[in-house]
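Let's take a walk through this fold together, from the overall picture down to single residues.

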Amino acid sequence: MIIARDIAPRLIEAAQTWPSTTLTGPRQSGKITLCRTLFPQHPYQSLEDLDVRAFAMEDPRAFLAQFPRGAVLDEFSCLQGIIDTDPAPGRWILTGSQDLSLLQSVSQSLAGRTALCNLFPLTRGETIRVAKHPGTLDETLFTGSYPRILDEGHDVPEWLGSCLATYIERNVRMIANAGDLGTFQRFVTLCAGRIAQSLNYSSLAGDCGISQPTAKAWLNILETSFIAFRPLTGTFASDW
């Protein structure tokens with residue numbers, strides 16, 4: 001099932017005026033599905049395949065030459081020269097969940113050349129478009145709002161556990177040196193248990209067995225990869 005997303009009109013509008021549109025957000029929020037649905041005329045290529053990534057990184061011009069009319073590219077941002085040569089709008093649609101590394105590349109090479117949008121898990125308004133959506137507040141809180149859980153009926157704890165393990169092993173290793181990944185996973189768990197509470201670095205660091213500077217650095221990692229959020233009130237929330 002394709003779930004209608006509220007951000008779709010904004011992406012279409014961006015593609016009509018910008019040579020590149022970049023859609024970031026947490027893993028499994030539906031970025032690739034949305035982009036492939038909105039831009040079916042674009043071929044899709046993911047750089048998670050190691051051979052494809054090696055080709056794209058070693059010779060980006062030859063890699064991009066395969067897509068003379070543009071493409072949907074996952075985890076790729078080496079477009080500066082191509083866009084400067086041909087800035088026609090709507091050719092390149094970029095997606096990525098490694099927000100820190102992707103935004104660093106965008107800020108360095110695609111500043112002024114790409115529209116930047118964020119896609120999060122489903123809002124309540126989007127959730128109710130799914131036939132078997134949670135009906136009560138308790139069901140909503142315990143089910144979450146990731147598209148695949150709602151659309152495919154996965155066991156929620158099992159699916160979220162697998163998603164967290166993938167995030168730890170792949171995203172955290174690539175975007176920052178988080179040291180002991182087991183301790184980092186405990187840190188994520190402790191953050192999840194503090195949702196909607198005042199943020200106390202001393203308590204968080206002490207319970208996790210790390211220093212306060214490390215706790216601050218690790219929370220920054222969670223924020224830049226769309227896992228935790230600190231509202232202006234000083235409390236924070238989490239996707240897990």
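Predicted model: local features only at pLDDT ≥ 70, side-chain atom pairs only at ≥ 80, totals over all residues.

A contact here means heavy atoms within 4.5 Å. Residues are numbered from 1 along each chain as its sequence is written, and side-chain values use heavy atoms, with hydrogens and water left out.

The chain's secondary structure comes to 13 helices and 7 strands; these are DSSP runs (H or I of at least four residues for helices, E of at least two for strands), numbered from the N terminus. Of the 240 residues in the chain, 45% are buried. Buried stands for under 20% relative accessible area, exposed for over 50%, and partly exposed for anything in between, using a 1.4 Å probe and protein chains only.

Now for the inside. A nonpolar core is a set of buried Ala, Val, Leu, Ile, Met, Phe, Trp, Tyr and Cys residues joined through side-chain atoms within 4.5 Å. The largest one has 23 residues, and those with the most contacts inside it are Tyr167, Ile168, Phe184, Phe187, Ile210, Leu219 and Leu222. Helix H10 (156–175), H11, helix H12 (201–208) and H13 each give two or more residues to this core, with H11 giving the most, 6 residues. Apart from it lies another core of 15 residues, including Phe67, Phe76, Leu94 and Leu110.

The axes of helix H11 (residues 181–192) and helix H13 (residues 212–224) come within 11 Å and cross at roughly 75 degrees. That makes the two roughly perpendicular, the label for 65 to 115 degrees (under 35 is roughly parallel, over 145 roughly antiparallel, and the rest oblique). On the H11 side, Thr183, Phe184, Phe187, Val188 and Cys191 meet Ala215, Trp218, Leu219, Ile221 and Leu222 of H13. These residues divide into 9 nonpolar, 1 polar and no charged. For these classes, Ala, Val, Leu, Ile, Met, Phe, Trp, Tyr, Cys and Pro count as nonpolar, Asp, Glu, Lys and Arg as charged, and the others, Gly among them, as polar.

H13 also meets H12: their axes come within 9 Å and cross at roughly 100 degrees, so H12 and H13 are roughly perpendicular to each other too. Tyr201, Ser202 and Ala205 of H12 make this contact with Gln212, Ala215, Lys216 and Leu219 of H13. By class, that gives 4 nonpolar, 2 polar and 1 charged residues.

What about the cysteines? The structure holds 0 disulfides, a disulfide being a pair of cysteine sulfur atoms within 2.5 Å. Cys117 is in none, and its nearest cysteine sulfur, that of Cys35, is 9.0 Å away. Cys117 is buried at 3% relative accessible area, whereas Cys78 is partly exposed at 37%.

Finally, a stop away from the cores. Lys132 sits in the loop between helix H7 (124–127) and helix H8 (137–143), and counts as exposed at 75% relative accessibility.

Conventions: Axes fitted to C-alpha atoms, helices over the stretch in contact; angles between N-to-C directions.
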